[in-house]
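Dear colleague,

I am passing the structure below on to you, together with notes on what was found in it. Please read them alongside the coordinates.

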Amino acid sequence: MAPRADRPKRRSFTAEFKAAILAEYDAADREERGAILRREGLYTSHIAEWRKAAAEGAQAGLGSRPRDRREREMQALRVRAEKAEAELARTKAALDLMGKAHALLETLSESADRPPRSPR
């Protein structure tokens with residue numbers, strides 16, 4: 001079944017457009033903000049989402065979503081790689097700590113096996 005022709009199309013916005021609208025919206029006073037939203041056909045939820053993405057420092061969040069399957073797969077692989085690198089760093093730190101604890105226990109064990117020194 002083909003999509004209906006009268007169905008509204010979902011709009012996508014470029015990062016530059018979002019940044020420009022956010023700057024204009026933030027600089028405007030209360031009455032002008034509503035006019036900006038009406039002029040561009042936007043809702044306050046758009047502004048809230050874009051501001052959240054900008055606050056997180058995610059310029060990629062201001063861009064459009066990956067469109068093709070390969071881009072989505074690449075993004076998912078990047079996320080997995082970052083998580084794996086973080087896990088590897090934690091594991092290395094834990095192994096280093098365990099090695100130091102083992103060395104300390106060996107030193108303590110060896111010193112416990114020696115007879116105590118007599119004071120002079």
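Phenylalanine 17 is partly exposed, with a relative accessible area of 25%, where buried means under 20% relative accessible area, exposed over 50% and partly exposed in between, for a 1.4 Å probe and protein chains only. Please bear in mind that this is a predicted model, in which local features need pLDDT of at least 70 and side-chain atom pairs count only at pLDDT 80 or more, while totals for chains, interfaces and linings use all residues. Residues are numbered from 1 along each chain as its sequence is written, and side-chain values use heavy atoms, with hydrogens and water left out.

Phenylalanine 17 and tryptophan 50 form an edge-to-face aromatic pair, at 6.3 Å centre to centre and 80 degrees between the planes; rings of Phe, Tyr and Trp (its six-membered ring) pair if their centres lie within 6.5 Å, and planes under 30 degrees apart count as stacked, over 60 as edge-to-face and the rest as tilted. Because phenylalanine 17 lies in helix H1 and tryptophan 50 in helix H3, this pair ties together parts that are 33 residues apart in sequence. Tryptophan 50 counts as buried, at 5% relative accessibility. By the ring rule the count comes to three aromatic pairs, and in one of them the rings of phenylalanine 13 and phenylalanine 17 have their centres 5.3 Å apart and their planes at 10 degrees, so that pair is stacked. Phenylalanine 13 is buried at 14% relative accessibility, and Phe13, Phe17 and Trp50 form one aromatic cluster.

The axes of H1 and H3 come within 10 Å and cross at roughly 105 degrees, the axes being lines fitted to C-alpha atoms, for helices over the stretch in contact, with angles from 0 to 180 degrees between N-to-C directions. The two helices, H1 and H3, are therefore roughly perpendicular to each other (65 to 115 degrees; under 35 is roughly parallel, over 145 roughly antiparallel and the rest oblique). On the H1 side the contact (heavy atoms within 4.5 Å) is made by Phe17, Lys18, Ile21, Leu22, Tyr25 and Asp26, and on the H3 side by Thr44, Ile47, Trp50, Arg51 and Ala54.

The largest nonpolar core has eight residues, namely Phe13, Ile21, Leu22, Tyr25, Leu37, Leu42, Ile47 and Trp50; such a core is a set of buried Ala, Val, Leu, Ile, Met, Phe, Trp, Tyr and Cys residues joined through side-chain atoms within 4.5 Å. Helix H1 (15-27) and helix H3 (44-55) are the elements that give two or more residues to this core. Isoleucine 47 touches Ile21, Leu22, Tyr25 and Leu37, not counting residues up to four places away in sequence.

Overall, the protein chain has five helices and zero strands, both taken as DSSP runs numbered from the N terminus (helices H or I, at least four residues; strands E, at least two). Of its 120 residues, 12% count as buried.

With best wishes
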